[in-house]
Amino acid sequence: MTKVLIAGFTGAMGQKAVRLVQESDGYELVAGLAVGITSKDPEDYDLPAGVAIYGDLNEIQTDADIWIDFTLPSAVYANTKFAIEHGIHPVIGTTGLTDDQVSELQDLASAKHLGGLIAPNFGMSAVLLMKFAKEAAKYFPDVEIIEMHHDNKADAPSGTALSTAKLIDEVRPEHEQGNPDETESLSGVRGGDYHGIHIHAVRLPGYVAHEQVLFGGPGEALTIRQDSFDRQSFMTGVKVAMDHVLDLKELVVGLENLL
Ligand SMILES: NC(=O)C1=CN([C@@H]2O[C@H](COP(=O)(O)OP(=O)(O)OC[C@H]3O[C@@H](n4cnc5c(N)ncnc54)[C@H](OP(=O)(O)O)[C@@H]3O)[C@@H](O)[C@H]2O)C=CC1
Ligand SMILES: O=C(O)C1=N[C@H](C(=O)O)C[C@H](O)C1
């Protein structure tokens, strides 16, 4: 049995992950972490008696093999560090890690000879969108990104939108986009700017997770769009990660590297 701890087990994604682990042969949920809990009785969360419930990182004593994390941008660095330091393979879905933090965690994982995965998006449609957008950017250097999410989302831009921009930036020919004399009469109206790529973040009830990458060229346009209508869309990727993470030799970024 591969033992799994879920950080953020009471949240929207954590609850889906709990069900996934419970329904997957060969895996056992051994612990859950969430900071706002009022009870440590697993039965209060419809979990079996043996599942340890923690409300603080420093309380954790576990023999878990895998640490699945769907928490908050403010918590994910400390959580991932804790997992690596305790020999637990991290599967990190939480967004918001900076490039420097990812590098530090990769160095720590290498030093501990521990594999893991950080994936800004576990959905197949989003992974493919990023791949196609990177390809298209070689031919269409004029590009903007619109990401749309539920209005409970803590961070902006989404991790997926930022990753898309980074991938495009790797291949996009050196390029000045738009009118250099442009002004904003309403602050922020042109969105965020990642190396000249504008990112627009929409937050509305009813939405789950969606992204459009818009490319424009002389007399033509290309739009690539993905939609996660249900958080179940992320669980295929989480299962792929669970199945492969014990064999990884380093802390890998991006689900595409496991497919
Ligand atoms: N990679 C991917 O494919 C996806 C990633 N995400 C990302 O996952 C993260 C969680 O999203 P979502 O489930 O919607 O968020 P929720 O707000 O629904 O859940 C957050 C969970 O984290 C817990 N939590 C908060 N602070 C801490 C902490 N310091 N330590 C441990 N647990 C904590 C919360 O517990 P409590 O309520 O008790 O505070 C809650 O259980 C976000 O960063 C989101 O962007 C989301 C979807 C897909
Ligand atoms: O908060 C969410 O919901 C999501 N977060 C991830 C992100 O920031 O990219 C993945 C997906 O977009 C859903």
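This is a predicted model: local features need pLDDT of at least 70, side-chain atom pairs count only at pLDDT 80 or more; totals for chains, interfaces and linings use all residues.
Residues are numbered from 1 along each chain as its sequence is written, while chains are lettered from A and ligands numbered from 1 in the order in which they are written.

A word on terms before going on. Helices (H or I, at least four residues) and strands (E, at least two) are DSSP runs, numbered from the N terminus. Two strands pair if DSSP finds at least two bridges between them.

Strand β10 (residues 209–217) pairs with β11 in the antiparallel sense, over nine bridges. The two strands form a hairpin with two residues between them, and G219 in the turn has a positive phi of about 70°.

The sheet they sit in is open, has five strands in the order β8-β9-β7-β10-β11, and is mixed in its pairing. β8 (192–194) and β11 (220–228) stand at the edges with a single partner strand each, so one side of each is left without a neighbour in the sheet. From one strand to the next, the twist averages 20°. Axes here are lines fitted to C-alpha atoms, for helices over the stretch in contact, and angles run from 0 to 180 degrees between N-to-C directions.

What does β7 pair with, and in which sense? With β10, β7 pairs in the antiparallel sense over eight bridges, and D142 has G216 as its bridge partner in β10. With β9, β7 pairs in the parallel sense over six bridges; E147 stands opposite A201 in β9.

**The seven-stranded sheet**

The other sheet is open too, with seven strands in the order β3-β2-β1-β4-β5-β6-β12 and parallel pairing. Its edges are β3 (52–54) and β12 (251–253), each with a single partner strand, so one side of each is left without a neighbour in the sheet. The twist averages 25° from one strand to the next. Strand β2 (residues 27–33) runs parallel to β3 and is joined to β3 by three bridges, and A31 stands opposite A52 in β3.

**Helices on the sheets**

Contact means that the C-beta atoms of two residues, placed from the backbone, lie within 7 Å.

| Helix | Strands | Angle |
|---|---|---|
| α1 | β1 (2–7), β2, β4 (66–69) | about 170° to β1 |
| α2 | β1, β4, β5 (89–92), β6 (116–118) | about 155° with β5 |
| α4 (residues 124–137) | β7 (142–149), β10, β11 | about 165° with β11 |
| α5 (residues 159–171) | β7, β8, β9 (197–203), β10 | about 165° to β7 |

**A helix pair**

Helix α1 (residues 12–23) also meets helix α6 (residues 235–244): their axes come within 11 Å and cross at roughly 55°. α1 and α6 are therefore oblique to each other; angles under 35 degrees count as roughly parallel, over 145 as roughly antiparallel, 65 to 115 as roughly perpendicular and the rest as oblique. On the α1 side the contact is made by K16, A17 and L20, and on the α6 side by M235, V238 and K239. By class, that contact has four nonpolar, no polar and two charged residues. Ala, Val, Leu, Ile, Met, Phe, Trp, Tyr, Cys and Pro count as nonpolar, Asp, Glu, Lys and Arg as charged, and the others, Gly among them, as polar.

**The two ligands**

A residue is near a ligand if its C-beta atom, placed from the backbone, lies within 6 Å of it. Which residues come nearest to ligand 1? Of the 26 around ligand 1, they are G8, G11, M13, G36 and A75. α1 and α2 (73–85) each supply at least two residues of this shell, with α1 giving the largest share, three residues. The shell around ligand 1 divides into 15 nonpolar, 11 polar and no charged residues.

Around ligand 2 sit T95, P120, N121, H149, K153, S158, G159, T160 and A209. By class, the ligand 2 shell has two nonpolar, six polar and one charged residues.
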